[in-house]
Amino acid sequence: MKYIIWDFNGTILDDVDLCLDLLNEMLTEEGHPVVTKKRYLDIFTFPVIDYYKKAGFDFKKSSFEDLAVRFINRYQKKSLSQKLYKNVVDTIKRFKEKGYKNIVLSASKHDNLIEQLKHFKIYDLFDDHLGTKDIYAKSKLDIAKDYFKNNNINPKDVLMIGDTLHDANIARKLGVDVILHINGHQSKNRLKRYSVFSDFNEIIY
């Protein structure tokens, strides 16, 4: 193994409660019932438009694009006051010390991702920083495929670390191993068919 590909939200950054709070704030503004944290963990998915439908938004009232803009305008600044998961920075450093290349791959807009990484002083821990071109949180798969092709990466040399079924699906399509963080944006029950962990000290190789 030579490469560790890290998801960011829910894997490195503990922003679950923030996302839930903002979701419920927007649901209230739209006149819809709020959701519990348990419900959130059971419905969160990619593409985000599907998650918004499950949460109860009516796109005839407000378009997905409008909701996405409203969310990110509130999220980005507040995300900088959140915390990184316990032991995650030490784990990234230890992988780096062992000679692995750490790559962060996020569905977030690239500029927003870079702002977060620099704010938390972890930008330099990663060899590459891969984000999307817009704020609509579509699949990271094409970004990863292009990166693998451009860098001649053998999937057998890669481990992906994420927190959602979307990460697992991307790993499957890329042909790489994956382990999932059970304290992220999806419930442990949804992730149980995969290798999972709760503490980053568990995953040092």
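A: The answer starts with the helix pair and its rings, then turns to other sites.

The model is predicted: local features need pLDDT of at least 70, side-chain atom pairs count only at pLDDT 80 or more, and totals for chains, interfaces and linings use all residues. Residues are numbered from 1 along each chain as its sequence is written, and side-chain values use heavy atoms, with hydrogens and water left out.

The pair is helix 3 (residues 48-55) and helix 4 (residues 64-79), whose axes lie 11 Å apart at an angle of about 95 degrees. Helices (H or I, at least four residues) and strands (E, at least two) are DSSP runs, numbered from the N terminus. Axes are lines fitted to C-alpha atoms, for helices over the stretch in contact, with angles from 0 to 180 degrees between N-to-C directions. Helix 3 and helix 4 are therefore roughly perpendicular (65 to 115 degrees; under 35 is roughly parallel, over 145 roughly antiparallel, the rest oblique).

From helix 3, Val 48, Ile 49 and Tyr 52 meet Phe 64, Leu 67, Ala 68 and Phe 71 of helix 4; contact means heavy atoms within 4.5 Å. The residues of this contact are 7 nonpolar, no polar and no charged. Ala, Val, Leu, Ile, Met, Phe, Trp, Tyr, Cys and Pro count as nonpolar, Asp, Glu, Lys and Arg as charged, and the others, Gly among them, as polar.

Next, the rings. Rings of Phe, Tyr and Trp (its six-membered ring) pair if their centres lie within 6.5 Å, with planes under 30 degrees apart called stacked, over 60 edge-to-face and the rest tilted. By this rule there are 14 aromatic pairs. Tyr 52 and Phe 64 have ring centres 5.6 Å apart and planes at 70 degrees, so this pair is edge-to-face. Tyr 52 of helix 3 and Phe 64 of helix 4 are 12 residues apart, and their pair links distant parts of the chain. Both Tyr 52 and Phe 64 are buried (under 20% relative accessible area; exposed is over 50%, partly exposed in between; 1.4 Å probe, protein chains only). One aromatic cluster takes in Tyr 52 and Phe 64 together with Tyr 40, Phe 44, Phe 46, Tyr 51, Phe 57 and Phe 59.

Helix 4 is also one of the elements that the buried residues of helix 6 pack against, along with strand 2 (13-14), strand 4 (101-109) and strand 5. In helix 6 (residues 110-119), these buried residues are Asn 112, Leu 113, Ile 114, Gln 116 and Leu 117. After helix 6 comes Lys 121, with a positive phi near 60 degrees.

Asn 9 sits in the loop between strand 1 (3-6) and strand 2, and at 16% relative accessibility Asn 9 counts as buried. The side chain of Asn 9 makes polar contacts with those of Asp 15 at 2.8 Å and Ser 108 at 3.3 Å. A polar contact is a pair of N or O atoms within 3.5 Å; within protein, one must be able to donate a hydrogen and the other to accept it, and residues adjacent in sequence count only if both atoms are side-chain atoms.

Lys 140 lies in the loop between strand 5 (128-132) and helix 7 (141-150). Lys 140 counts as buried at 2% relative accessibility, and its side chain has a polar contact of 3.1 Å with that of Asp 7.
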